[in-house]
Amino acid sequence: MVVTLVTRAGCHLCEQAQPVVALAAADVGASFELVDVDSDAGLRLRWTDKVPVVLLDGVEHGYWQIDEKALRTALRG
């Protein structure tokens with residue numbers, strides 16, 4: 001599984017979400033990637049109002065406030 005966190009520079013919610021999401025991914029052996037929403041026009045168009053966004057294998061799992069328990073449950077399958 002690939003866990004993607006879509007973020008942007010200066011986003012305090014993104015800064016809070018990153019360690020939570022990275023640790024949850026590591027705990028189950030999933031790949032973790034961090035993507036800047038402002039690095040690509042398509043990403044910005046789709047996600048700009050939702051950052052931080054967690055994607056599990058490219059599918060939206062959650063945004064804004066990350067529910068660690070729900071994320072860990074989803075990662076366990």
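Below is a chat about the fold of this predicted model.

Colleague: Before we start, what kind of model is this?
Modeller: This one is a predicted model.

Colleague: Okay. What order do the strands take in the sheet?
Modeller: Four strands make an open sheet, and the order is β2-β1-β3-β4. The pairing is mixed.

Colleague: Which strands stand at the edges, and why is one side of each left without a neighbour?
Modeller: Those are β2 (31-36) and β4 (59-63). Each has a single partner strand, so one side of each has no neighbour in the sheet.

Colleague: What does the twist average from one strand to the next?
Modeller: It averages 25°.

Colleague: Let's look at β1 and β3. How many bridges join them?
Modeller: Four bridges join β1 (residues 2-7) to β3 (residues 53-56), and the two strands run antiparallel. For V3, the bridge partner in β3 is L56. L5 has V54 as its bridge partner in β3.

Colleague: And β3 with β4, do they run parallel or antiparallel?
Modeller: Antiparallel, with four bridges joining them. L55 has E60 as its bridge partner in β4, while L56 has V59. β3 and β4 also form a hairpin, with two residues between them.

Colleague: Which residue in that turn has a positive phi?
Modeller: That's D57, with a phi of about 50°, although D57 is not a glycine.

Colleague: Why does D57 count as partly exposed?
Modeller: Its relative accessibility is 48%. Buried would need under 20% and exposed over 50%, so D57 falls in between.

Colleague: Let me switch to W64. Where is it found?
Modeller: W64 sits in the loop between β4 and α3. Its phi is near 60°, which is a positive value in a residue other than glycine. W64 counts as partly exposed too, at 42% relative accessibility.

Colleague: Which two residues does the cis peptide bond join?
Modeller: V51 and P52, with omega at about -5°. P52 lies in the loop between α2 (41-47) and β3.

Colleague: Back to β3. Which way do its side chains point?
Modeller: V53 and L55 point one way, V54 and L56 point the other way, and all are buried.

Colleague: Now the largest nonpolar core. How many residues does it have?
Modeller: It has 12 residues, including V3, L5, V21, V54, L56, I66 and L75. β1, α1, β3 and α3 each supply at least two residues of this core.

Colleague: Which of them gives the most?
Modeller: α1, with four residues.

Colleague: V3 is on that list. What is V3 in contact with?
Modeller: Leaving aside its neighbours within four places in sequence, V3 is in contact with residues including V21, A25, A30, F32, V54, L56 and L75. There is also another core, apart from the largest one, with nine residues. C11, L13, W47 and V51 are among them.

Colleague: Why do α1 and α3 count as roughly parallel?
Modeller: Angles under 35 degrees count as roughly parallel. The angle between α1 and α3 is about 25°, so these two helices are roughly parallel to each other.

Colleague: Is the crossing left-handed or right-handed?
Modeller: α1 passes α3 in a right-handed crossing.

Colleague: Last one: which residues meet between α1 and α3?
Modeller: From α1, the residues include V20, V21, L23, A24 and V28. From α3, they are E68, L71, R72, L75 and R76.

Conventions: Residues are numbered from 1 along each chain as its sequence is written. This is a predicted model: local features need pLDDT of at least 70, side-chain atom pairs count only at pLDDT 80 or more; totals for chains, interfaces and linings use all residues. Side-chain values use heavy atoms; hydrogens and water are left out. Two strands pair if DSSP finds at least two bridges between them. Axes are lines fitted to C-alpha atoms, for helices over the stretch in contact, and angles run from 0 to 180 degrees between N-to-C directions. A nonpolar core is a set of buried Ala, Val, Leu, Ile, Met, Phe, Trp, Tyr and Cys residues joined through side-chain atoms within 4.5 Å. Buried means under 20% relative accessible area, exposed over 50%, partly exposed in between (1.4 Å probe, protein chains only). Contact means heavy atoms within 4.5 Å. Angles under 35 degrees count as roughly parallel, over 145 as roughly antiparallel, 65 to 115 as roughly perpendicular and the rest as oblique. A crossing is left-handed if the near helix is turned anticlockwise from the far one by less than a right angle, and right-handed if clockwise.
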